[in-house]
Amino acid sequence: MPEPEAPVLGGDDVDAVTRAVLTASRLLVAVSARSLSVVEERVTLPQFRMLVVLSTRGATKLVTLAELLHVAPSTAMRMVDRLIAAGLADRQTNPADRRETLLRLTGEGRRTVREVMARRRADLAEIVKRLDPGQRVELIEALTAFNEAGGEPPAPADDPEYHPLGWADA
């Protein structure tokens, strides 16, 4: 298979960079899909996204959860009902306001998030290992700049599960 030609960057390189980011996003989506394959019988990608939000935020009101996921409260409720039926989430009365219900992960829900994220991290590490050390440094610099331009806060080095899918607090 012939080596792909390196893009020639010059005056207006926005299109070349956009194509490279789109290609990388396909790879990241593929890695994400593979990591979910271990739970695909029980959890869809949107449901997993909800599990991750609950994992990072803890017990959360339905309205807040819907806002964080950018879905209607009725959609969030249907997703919650499915996660509860699967044993991955549950409802509890808010001890601070007994009129409110909070949603939270069960032990099985936490294990599911950890398992998927561990697999995703391992797959990404295998790809990164194929880069030489200089490319790794350049990738860190480029992705840091990209994340800053997109308004995504950096994940702390000591907590790999912090915003593991990139959904920062709204």
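User: What makes H1 oblique to H5?

Analyst: In this predicted model, the axes of helix H1 (residues 14-36) and H5 cross at roughly 140° and come within 8 Å, where axes are lines fitted to C-alpha atoms, for helices over the stretch in contact, and angles run from 0 to 180 degrees between N-to-C directions. Angles under 35 degrees count as roughly parallel, over 145 as roughly antiparallel, 65 to 115 as roughly perpendicular and the rest as oblique, and therefore H1 is oblique to H5.

User: Which residues of H1 and H5 meet, and how do they divide into nonpolar, polar and charged?

Analyst: With contact meaning heavy atoms within 4.5 Å, Leu27, Leu28, Val31, Ser32, Arg34, Ser35 and Leu36 in H1 meet Val116, Arg119, Arg120, Asp123, Leu124 and Ile127 in H5. The residues of this contact comprise seven nonpolar, two polar and four charged; Ala, Val, Leu, Ile, Met, Phe, Trp, Tyr, Cys and Pro count as nonpolar, Asp, Glu, Lys and Arg as charged, and the others, Gly among them, as polar.

User: What is called a nonpolar core, and which residues touch the most other members of the largest one?

Analyst: The term denotes a set of buried (under 20% relative accessible area, 1.4 Å probe, protein chains only) Ala, Val, Leu, Ile, Met, Phe, Trp, Tyr and Cys residues joined through side-chain atoms within 4.5 Å. The largest has 25 residues, of which Phe48, Met50, Leu51, Leu65 and Val113 touch the most other members; H2 gives the most, with six residues.

User: How many residues of the protein count as buried, as a percentage?

Analyst: Of its 170 residues, 23% count as buried.

Note on methods: Residues numbered from 1 in each chain as written. Predicted model: local features only at pLDDT ≥ 70, side-chain atom pairs only at ≥ 80, totals over all residues. Heavy atoms only, no water. Buried < 20%, exposed > 50% of the residue type's maximum accessible area, 1.4 Å probe, protein only. Helix = DSSP H or I, 4+ residues; strand = E, 2+ residues; numbered from the N terminus.
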